[in-house]
Amino acid sequence: MKAIVYTKYGPPDVLQLKEVKKPSPKENEILVKVKATTVTMGDIRSRSFTVPLSVWLPARIIMGLRRPKKSILGLELSGEVESVGKDVKLFKAGDQIFAASQVGYGAYAEYKCLPEDGPVSIKPNNLSYGEAAAIPIGARTALFYLRKADIQRGGKILVYGASGSVGSYAVQIAKYFGAKVTGVCSTANVELVKSLGADKVIDYTSEDFSRDGETYDVIFEAVNKSVFSACMKSLKKDGTYLNIAKPLPGVRMLWTKLTTGKKLILSQNSPETPEALNFLKKLVEAGKLEVVIDRYFAFEEIVQAHKYVEKGHKKGNVVITMENIMGNPDG
């Protein structure tokens, strides 16, 4: 089968299209013919090995000291089940699915094996393969953190980075939970964030959210670009600060945890179970959750796609298609 392979850390050009052995499903696995995948910031960090200095050594040990241990990236996908292992009961050949492949990576390939009890679910019936592929990481992450924060109906939440993949989902899911949502984004994305249901949108290029006197029950940092002291100024005394991109607390964060009643929840992985995807599927099919797609790239254009995402200005998600699905209603 064809796959995008990288054998060393570096710029997008380290990604190469190669022929590799097609996998066979184990007894508890399904074999999926991949229809679409995405380029996430997780893929970017893994490819370039751009991680915080505080976790450099453990990350290098886990991912590979001299070269990547797992040579095929790709954290989420959608596709069709081609075959199943003998113990599989939840899926059958022909099922259309979407899934996260966060543990083993490997979605940048024509085929991928997945455990049937992992984060995999039947694809929403009102989405294309390309749209469905853009849910399992961003939306699942947003849902995981919002549940951690226990956002309440009528509660006030600020989402910093509201136009990105996780941020765009966080705005919508928080609204579904009944929160009053303020989104922070750049000028170009103000109308997009409004269209997703945000009650208020702040353009960070012309306004500092921490200076308007507003305070929030939850501050959701989706891109790790806000100033922590500004967030603390705008967070209620018993509020919750979420940062999906920062794995370890800095000195100010530790001091805040020791001296205040504010809760700080930093980077964690979502549970590797199907529950969140099943929940998100229902939201999508009920018209409560929209998938924001910035651009589609063909599989052979993976290097260009990585270069685009690496600039840090994408809106929502960037999708990679295994075939040209733009004019195909089944795509």
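Predicted model: local features only at pLDDT ≥ 70, side-chain atom pairs only at ≥ 80, totals over all residues.

Tutor: Residues are numbered from 1 along each chain as its sequence is written, and side-chain values use heavy atoms, with hydrogens and water left out.

Student: Why is K281 called buried?
Tutor: Buried means under 20% relative accessible area, exposed over 50%, and partly exposed in between (1.4 Å probe, protein chains only). K281 has a relative accessible area of 18%, so the residue counts as buried.

Student: And what makes E285 partly exposed?
Tutor: Its relative accessibility is 31%, and therefore E285 falls in the partly exposed class.

Student: How do you know that K281 and E285 form a salt bridge?
Tutor: The term asks for a side-chain nitrogen of Lys or Arg within 4 Å of a carboxyl oxygen of Asp or Glu. For K281 and E285 the N to O distance is 3.0 Å, which meets the rule. Both residues sit in helix α9, four residues apart, about one turn of the helix. Helices here are DSSP runs of H or I with at least four residues, strands are E runs of at least two, and both are numbered from the N terminus.

Student: What else does E285 touch, leaving aside its neighbours within four places in sequence?
Tutor: E285 is in contact (heavy atoms within 4.5 Å) with K123, P124, N125 and N126.

Student: How many salt bridges does the rule give?
Tutor: The count is 16. One of them joins D199 and K175, at 3.0 Å from N to O. This pair links distant parts of the chain, 24 residues apart: D199 is in the loop between α6 and β10, and K175 is in helix α5.

Student: What makes K200 and D212 a salt bridge?
Tutor: Their closest N and O atoms are 3.3 Å apart. K200 lies in strand β10 and D212 in the loop between β10 and β11, so the pair ties together parts 12 residues apart in sequence.

Student: Back to burial: how do you know that the buried residues of α2 line one face?
Tutor: The buried residues of this helix are A59, R60 and M63. Seen down the axis of α2, they fall within an arc of 100° (taken from the directions from the helix axis to the C-beta atoms), so they line one face. They pack against α1.
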